[in-house]
Amino acid sequence: TYHRYRFHCHSGRLTRFRPPQGPPTLPEPPEPTGRLIDVGGYRLILECVGTGPPTVVYEAGATATRFAIRKPQYALRSTVRFCSYDRPGSLGSASDPRPPGVAPTSERFARDLRTLLANANEPGPYLLVGASFGGLLISTFAARYPEDVAGLVYFDALAPGSAEGYL
């Protein structure tokens, strides 16, 4: 490995240092699309692109929407099926608001996601990606429906038990 002062750490020899290139710039995705899918009395918007397997499913943070992941979602569409959705009541979302009497629990979110994917005929098992609060939700999904999970990716995510009082 090379140290920032331009010498090889193990040999101590000076070498030419090339600063690392920045990450690639992803192109802008097309205008948002998606389908409103009934999950039992209310509808959630689901946007899926590409072909798989695996089917990657993105679970956004507490107040985030699917819009945050759209650039990577479209960049990966040539290699995987990539789905993102908005939970009920997400700001700026086309998903329906949460009906009165439906508690916003991780159990409810996991059930909604499973119903959403089944009703949209999206094939599993799923590679679940959870960002922030979404990490807690994909953990619940994996615990309740292990047969539907190919893997879990935690992206700056909350761990189970770390969200007491979060909502």
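Guide: Buried means under 20% relative accessible area, exposed over 50%, and partly exposed in between, with a 1.4 Å probe and protein chains only. Helices (H or I, at least four residues) and strands (E, at least two) are DSSP runs, numbered from the N terminus. This is a predicted model, in which local features need pLDDT of at least 70 and side-chain atom pairs count only at pLDDT 80 or more, while totals for chains, interfaces and linings use all residues. Residues are numbered from 1 along each chain as its sequence is written, and side-chain values use heavy atoms, leaving out hydrogens and water.

The strand is E2, residues 43–49. Six of the seven residues of E2 are buried, so the strand is mostly covered under the cut-off above. Two strands pair if DSSP finds at least two bridges between them. E2 runs antiparallel to E1 (residues 35–38), with four bridges joining them; Ile45 in E2 has Leu36 opposite. Four residues separate E1 and E2 in a hairpin, and Gly40 in the turn has a positive phi of about 110°.

E2 is also joined to E4 by four bridges, again antiparallel. Here Glu47 has Ser84 in E4 as its bridge partner.

A disulfide is a pair of cysteine sulfur atoms within 2.5 Å, and the count by this rule is one. The sulfur atoms of Cys48 and Cys83 lie 2.1 Å apart. The torsion about its S-S bond is about 115°, so the Cys48 and Cys83 disulfide is right-handed. Cys48 and Cys83 are both buried.
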